[in-house]
Amino acid sequence: MNPAVIIPIFGITFTMGIPLLAIWTSHQRKLAEIKASGVQSNDNSLRSEVEALRAEVASLRDTTTKFDLSFDSQLTQLETRLERTETNNLKRFQTEETPQAQTLGR
């Protein structure tokens with residue numbers, strides 16, 4: 001190729017290439033900033049959701065503990081009532097007179 005043709009082609013390419021390169025790098029920088037801010041906002045929203053879930057789990061844990069204690073209390077009361085009923089019934093049957101067997105002729 002003729003150097004007289006190559007030099008203007010390179011000149012035009014560099015002249016148009018520098019602004020295109022600047023536009024492209026600016027675009028890449030903006031994309032990187034958007035990604036970085038998106039990660040931070042996602043990170044903050046995830047943290048708040050995790051904290052909300054932790055609070056909910058703690059609330060559920062408290063509720064189940066209360067129900068467990070209530071169930072144990074009711075079970076203890078039921079056992080006490082059953083023992084008292086069995087004791088009363090046992091005493092009643094032991095104190096009742098059993099009919100005497102009668103023999104004839106003797």
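Author: Accessible areas come from the Shrake-Rupley method with a 1.4 Å probe, and for residues only the protein chains shown count as cover. Here the accessible surface of the chain comes to about 10300 Å², and carbon and sulfur atoms account for 63% of that. This is a predicted model, in which local features need pLDDT of at least 70 and side-chain atom pairs count only at pLDDT 80 or more, while totals for chains, interfaces and linings use all residues. Residues are numbered from 1 along each chain as its sequence is written, and side-chain values use heavy atoms, with hydrogens and water left out.

Reader: How many helices and strands are in the chain?

Author: Helices (H or I, at least four residues) and strands (E, at least two) are DSSP runs, numbered from the N terminus. This chain has one helix and zero strands. Helix α1 covers residues 3-95.

Reader: What share of the residues in the chain is buried?

Author: Buried means under 20% relative accessible area, exposed means over 50%, and partly exposed is in between (1.4 Å probe, protein chains only). Of the 106 residues in the chain, buried ones make up 0%.

Reader: How do I read a pair of aromatic rings?

Author: Two things describe such a pair: the distance of the centres and the angle of the planes. Rings of Phe, Tyr and Trp (its six-membered ring) pair if their centres lie within 6.5 Å; planes under 30 degrees apart count as stacked, over 60 as edge-to-face and the rest as tilted. Searching the whole structure turns up one aromatic pair. The ring centres of Phe10 and Phe14 are 6.3 Å apart and the planes are at 25 degrees, so this pair is stacked. Both residues lie in helix α1, four residues apart, or about one turn of the helix. Phe10 counts as partly exposed at 48% relative accessibility, and Phe14 counts as exposed at 56%.

Reader: And what about charges? Which residues form salt bridges with Arg29 and Arg54?

Author: In general, side chains of opposite charge can pair when their charged atoms come close. A salt bridge is a side-chain nitrogen of Lys or Arg within 4 Å of a carboxyl oxygen of Asp or Glu. The structure holds two of them. In one, Arg29 meets Glu33, at 3.9 Å from N to O; these residues are four apart in helix α1, so about one helical turn separates them. Glu33 is partly exposed, at 48% relative accessibility. In the other, the closest N and O atoms of Arg54 and Glu51 are 3.2 Å apart. Glu51 and Arg54 are three residues apart in helix α1, about one turn. Arg54 counts as exposed at 54%, whereas Glu51 is partly exposed at 46%.

Reader: Which residues make the nonpolar surface patch?

Author: Patches are made of residues with over 30% relative accessible area and no salt bridge: like charges are joined within 9 Å, nonpolar side chains (Val, Leu, Ile, Met, Phe, Trp, Tyr) within 5 Å. Here Ile12, Met16, Leu20 and Ile23 make a nonpolar patch of about 450 Å². Leu20 belongs to helix α1 and is exposed, with 56% relative accessibility.
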